[in-house]
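Here is a short report on side-chain packing and pairing in one protein model. Please have the sequence and the structure at hand while reading.

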Amino acid sequence: MKQNEIIHGFQIQALQTLPELEATLYRLEHVKSGARLVWLDREEENKTFFIAFRTLPEDDTGVFHILEHSVLCGSDRYPVKEPFVELMKSSLQTFLNAFTFSDKTLYPVCSRNEKDFRNLVRVYMDAVLHPAIYHKPEIFRQEGWHYELTEDQSVPSCKGVVFNEMKGAYADKDARMYLEISRQLFPDTASSTAGTPPTFRS
């Protein structure tokens with residue numbers, strides 16, 4: 001592989017030897033779309049792939065965290081409710097998850113088995129590029145937050161996958177303190193946390 005060579009629609013922009021990792025790093029760019037690709041070529045039993053998107057929030061509603069969960073709820077080619085829960089039952093994966101940072105969202109997969117690795121990448125790529133959320137907007141509400149009546153049908157309460165996850169994360173005093181310090185130090189930037197909806201009082 002040489003600089004400016006085009007492979008599967010990607011042009012090699014630069015390559016760099018990394019002696020400390022016993023690897024060669026390739027930076028490529030897709031000719032038609034401009035998508036950037038980095039490939040680390042080295043002897044490694046564990047095969048790793050991730051796709052990442054720049055997700056810069058305008059507020060602290062946690063929309064990208066909700067989207068992270070939502071795109072993993074089925075896709076065009078795999079129209080099941082939780083394809084990755086099903087995958088984990090039979091896959092040889094060594095890592096399978098997703099992360100939302102303050103400015104980006106990552107979807108990584110790892111496996112030592114070549115066939116399993118390719119299958120994981122195929123499912124993940126379909127999930128993030130063709131999610132069922134386009135056809136089923138209720139997925140977003142399910143994963144984010146919504147109101148449900150209590151058992152006596154008198155007072156609405158908040159429910160939602162991401163809502164409950166963040167409620168647990170910020171039950172920790174240190175996490176709440178760090179969040180508030182960040183808000184005070186950087187008032188003009190958006191927080192990466194999921195927003196907390198208003199509560200109803202009886």
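By the rule used here, the count comes to five salt bridges. A salt bridge is a side-chain nitrogen of Lys or Arg within 4 Å of a carboxyl oxygen of Asp or Glu. The model is predicted: local features need pLDDT of at least 70, side-chain atom pairs count only at pLDDT 80 or more, and totals for chains, interfaces and linings use all residues. Residues are numbered from 1 along each chain as its sequence is written, and side-chain values use heavy atoms, with hydrogens and water left out.

**Salt bridges**

| Pair | Closest N to O distance |
|---|---|
| E86 and K89 | 3.4 Å |
| K104 and D103 | 3.3 Å |

Side chains of opposite charge can pair when their charged atoms come close. Helices (H or I, at least four residues) and strands (E, at least two) are DSSP runs, numbered from the N terminus. E86 and K89 both lie in helix α2 (residues 83–90), three residues apart, or about one turn. E114 and R118 sit four residues apart in helix α3 (residues 114–129), again about one helical turn.

How accessible are these residues? Buried means under 20% relative accessible area, exposed over 50%, and partly exposed in between (1.4 Å probe, protein chains only). E86 is partly exposed at 42%, while K89 is exposed at 61%. K104 is partly exposed at 33%, and D103 is partly exposed at 32%. E114 is partly exposed at 37%; R118 is exposed at 53%.

**The nonpolar core**

A nonpolar core is a set of buried Ala, Val, Leu, Ile, Met, Phe, Trp, Tyr and Cys residues joined through side-chain atoms within 4.5 Å. The largest one has 16 residues. L72, F84, L96, Y107, V109 and Y124 have the most contacts inside it. Helix α2, strand β8 (104–111) and helix α3 each supply at least two residues of this core. The largest share, seven residues, comes from α3.

Contact means heavy atoms within 4.5 Å. Which residues does F84 touch, leaving aside neighbours within four places in sequence? F84 is in contact with L72, L96, V123, Y124 and A127.

Helix α1 (residues 63–70) has buried residues too: H65, I66, E68, H69 and S70. The buried residues of α1 pack against β7 (99–100), β8, α4 (138–143) and α5 (161–169).

**Aromatic pairs**

Rings of Phe, Tyr and Trp (its six-membered ring) pair if their centres lie within 6.5 Å; planes under 30 degrees apart count as stacked, over 60 as edge-to-face and the rest as tilted. The count comes to seven aromatic pairs. Y26 and W39 are stacked, because their ring centres are 5.1 Å apart and their planes are at 20 degrees. Y26 lies in strand β3 (residues 23–30) and W39 in strand β4 (residues 36–42), so the pair ties together parts 13 residues apart in sequence. Y26 is buried, with a relative accessible area of 9%. W39 is partly exposed at 36%.

W145 and Y147 form an edge-to-face pair, 5.3 Å centre to centre with 75 degrees between the planes. W145 is partly exposed at 34%, and Y147 is partly exposed at 34%. Ring pairs also link F53, F84, Y107 and Y124 into a cluster.
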